[in-house]
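New notebook page, new structure. I'm putting it up here before I look anything up.

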Amino acid sequence: MCNKVKDYATVARLLTRIFADAARGDDTTSLKFAVVSWLMQTSPTPNPSCRGFHHDTMGKLLCPVDYDWGDPATREAIRNYHPDYRVTSYSWPSYLYRDGRYDPKNPTNGLFKGELLVKAVKHIFTSPSSAENTVVFVPTHNFSKRQRTAGERRTRCDVAGLLRMRSIQPRAIAYTVVQLRFALSSAGSWRILDDDFDQEQFYHNIVDYFKVCPSQEAMKEVDNLLLWWNQ
């Protein structure tokens, strides 16, 4: 058990360092391009270079679940920074949910199971080509060397190989969620503060969701969620 705790502490430190250096990382740049490709497969748009809340599809994914993106007045208010429609790190964006569907009566249903999130985790931690696989996460030891392309070797060495990952853990999910939000946003360069949205606080809020469970029931839900990620 002591060794496990040390291993998790090492992973936490490495991920924190990677998060702090995200502006210089390959993940930040490659995910920006990958997201457009993934969205074009399902929701072709006439202007894929437009991003963030000014892009209807990306705006819907970024929209906090507390707001109704389908309402034109809401979309306009968010785009114009209306004080009643602030976008902060304390609300979950819809891309975190499976099929983008949020149930206010069961707010954790489908949370952290969004399709784009799954693709992004595999893109970063396994290989870009694995994002199309149906398996949620493929541990690093399941890949033979001759199956990897040069690009895959580079990605795996940078992240999964560095961390010797055998499973997806909360900080890896949190890191990817933040990277994916940046990829969907209109920001041209990495920044901790994106208008009212604090990326670093968002990262810690996600880690707390997994680590600071308010009840035994919530802890069981988190355990089941991590089992789902590593099925």
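Predicted model: local features only at pLDDT ≥ 70, side-chain atom pairs only at ≥ 80, totals over all residues.

What share of the contacts with a separation of 6 or more comes from residues 24 or more positions apart? I looked it up, and such residues account for 63% of those contacts in the protein.

**Overall layout.** I found 10 helices and two strands. Reading along the sequence, I get α-α-α-α-α-α-α-α-β-β-α-α. The protein has 231 residues, and 46% of them count as buried.

**Helix pair α8 and α9.** I picked α8 (residues 170-184) and α9 (residues 199-211) and checked how their axes run. The axes come within 9 Å and cross at roughly 145°. The crossing is right-handed. On the α8 side, I noted Pro170, Arg171, Ile173, Ala174, Tyr175, Val177, Val178 and Arg181 in the contact. From α9, I wrote down Gln199, Phe202, Tyr203, Ile206, Val207, Phe210 and Lys211. Sorted by class, the residues of this contact come out as 11 nonpolar, one polar and three charged.

**Largest pocket.** Next I went for the largest pocket, which holds about 560 Å³ of space. Its lining takes in 27 residues, and the closest to the centre are Leu61, Tyr97, Asp99, Gly100 and Glu115. I also checked which elements give two or more residues to the lining: these are α2 (26-42), α3 (56-62) and α5 (115-125). By class, I have 13 nonpolar, eight polar and six charged residues in that lining.

Key:
Residues numbered from 1 in each chain as written. Heavy atoms only, no water. Axes fitted to C-alpha atoms, helices over the stretch in contact; angles between N-to-C directions. Helix = DSSP H or I, 4+ residues; strand = E, 2+ residues; numbered from the N terminus. Left-handed = near helix turned anticlockwise from the far one by under 90°. Contact = heavy atoms within 4.5 Å. Nonpolar A, V, L, I, M, F, W, Y, C, P; charged D, E, K, R; others polar. 1 Å grid on protein atoms, 1.4 Å probe; cavity = no way out; pocket = protein on both sides within 12 Å on 5 of 7 lines; lining within 4 Å. Points joined across faces, edges and corners; volume = space filled by probe spheres on them. Buried < 20%, exposed > 50% of the residue type's maximum accessible area, 1.4 Å probe, protein only.
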